[in-house]
Every structure is written in structure tokens, then in C-alpha cells.
Amino acid sequence: MKKTSSRVRPYTIIFYGNELELKKILRSNGERIAHYAYILHDKDKYLEDLKDDNGNYVHRAGEDEKEHFHIIVDFYNGHTFNAVKRMFTTPTDNPRVEPISDRVAKYRYLIHADDPDKYQYEKTAIVSNDINYYEKLCKNGDRRDSDNLAEQIINDLLAGVSPRIM
């Protein structure tokens, strides 16, 4: 069971609403959100059969999954699970929300880069308020190592990244 009281900055969300709703949520919470990236998964298929408790098929392998968005959100300040869940819940959608431990892996998952059995989405389909931020994470890694910390800090400052985010 996830703790709901701890505050975390990066989250991943699976959102089944429409893109207008998603954009409205991101825009209305813009002062809280440092970075976001999302993609519409509209070509996903179930990879295996799924049965309910009575043994009836819920989904069969190869069937289309319902269209959904995968979202990565980096907040300026830590937010609780419940706060993020409320932020992205709409009258028609109850999103799945999880804290992120590895932003690089989650970013790569947007296009299924490390999942060759899944549909391979184009990088150009990713919508972000700062795509360079996520690309830089992929290039340099999610964690900063002490050998090039000073260089990374200088590069972030030159790129206009707020010290508060760093």
C-alpha cells in the first residue's frame, strides 16, 4: 500500500479523459508544475488474456486498450498522492497516479522505448512544456553524480533553470 502523506515532486499519471481536460488541468496548475510531458496511447493492445474472478474473459490478448494519456509531472514542491489524485480527477475520469522513482524510465516509457513488444510511438508525439529538460535527463541520467555536479549546475543556470528546481 502506498503512503499518501509523503510529499513527492515527480509523479506519473494515466489519464483516460480527453486532451482538452488534460490541458485545462495542466494550465490551471501551471504555478505548481515545473515540467510535464505527456503522450496519447491510442494504439496499445493487451498483451495477454485477462479474466475476472469467475474465469470470464475481461480482455483477450491482441484487443485494443482504451485510449489513454501517460503523463509525467514534476512539481516545484512536493505534493501528496491524494493532492495529485484530486488535481487530475475529473467527473468522467479517475486517473491512476504514482510517485516516480526513475524519471528517465518513465519518460522512455512514453514511447515504449524499452518495450519492443508494445507499439512504438514517435518521439514527436510527446507534448511537453520543456522537452529539453526530459531529453537532458535521458542524456545525463536522473541522478547527478559528484564528478560533474558543478558542470551540470552551471549548464542548468545558463539554460535558465531555476535554482529552486535544481
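This is a predicted model: local features need pLDDT of at least 70, side-chain atom pairs count only at pLDDT 80 or more; totals for chains, interfaces and linings use all residues.

Biologist: Why is His112 called buried?

Modeller: The relative accessible area of His112 is 1%, and buried means under 20%, so His112 is buried.

Biologist: What makes the phi of His112 worth a remark?

Modeller: Phi of His112 is near 60°, a positive value in a residue other than glycine. Most residues other than glycine have a negative phi. His112 lies in the loop between helix 3 (103-109) and strand 7 (127-128).

Biologist: Which residues of helix 2 are buried?

Modeller: In helix 2 (residues 81-88), these are Phe81, Ala83, Val84, Met87 and Phe88.

Biologist: How do you know that they are on the same side of helix 2?

Modeller: They cover an arc of only 165° around the axis, so they fall on the same side of helix 2.

Biologist: What do the buried residues of helix 2 pack against?

Modeller: They pack against strand 1 (8-15), helix 1 (19-28), strand 5 (68-79) and strand 6 (96-99).

Biologist: Why is strand 1 called mostly covered?

Modeller: Seven of the eight residues of strand 1 are buried.

Biologist: How do you know that strand 1 pairs with strand 5 and with strand 6?

Modeller: Pairing needs at least two bridges. Strand 1 and strand 5 have seven, in the antiparallel sense; strand 1 and strand 6 have four, also antiparallel. Therefore both count as pairs. Among the bridge partners, Pro10 has Asp74 in strand 5, and Tyr11 stands opposite Pro99 in strand 6.

Definitions and conventions: Residues are numbered from 1 along each chain as its sequence is written. Side-chain values use heavy atoms; hydrogens and water are left out. Helices (H or I, at least four residues) and strands (E, at least two) are DSSP runs, numbered from the N terminus. Buried means under 20% relative accessible area, exposed over 50%, partly exposed in between (1.4 Å probe, protein chains only). The arc is that of the directions from the helix axis to the C-beta atoms. Contact means heavy atoms within 4.5 Å.
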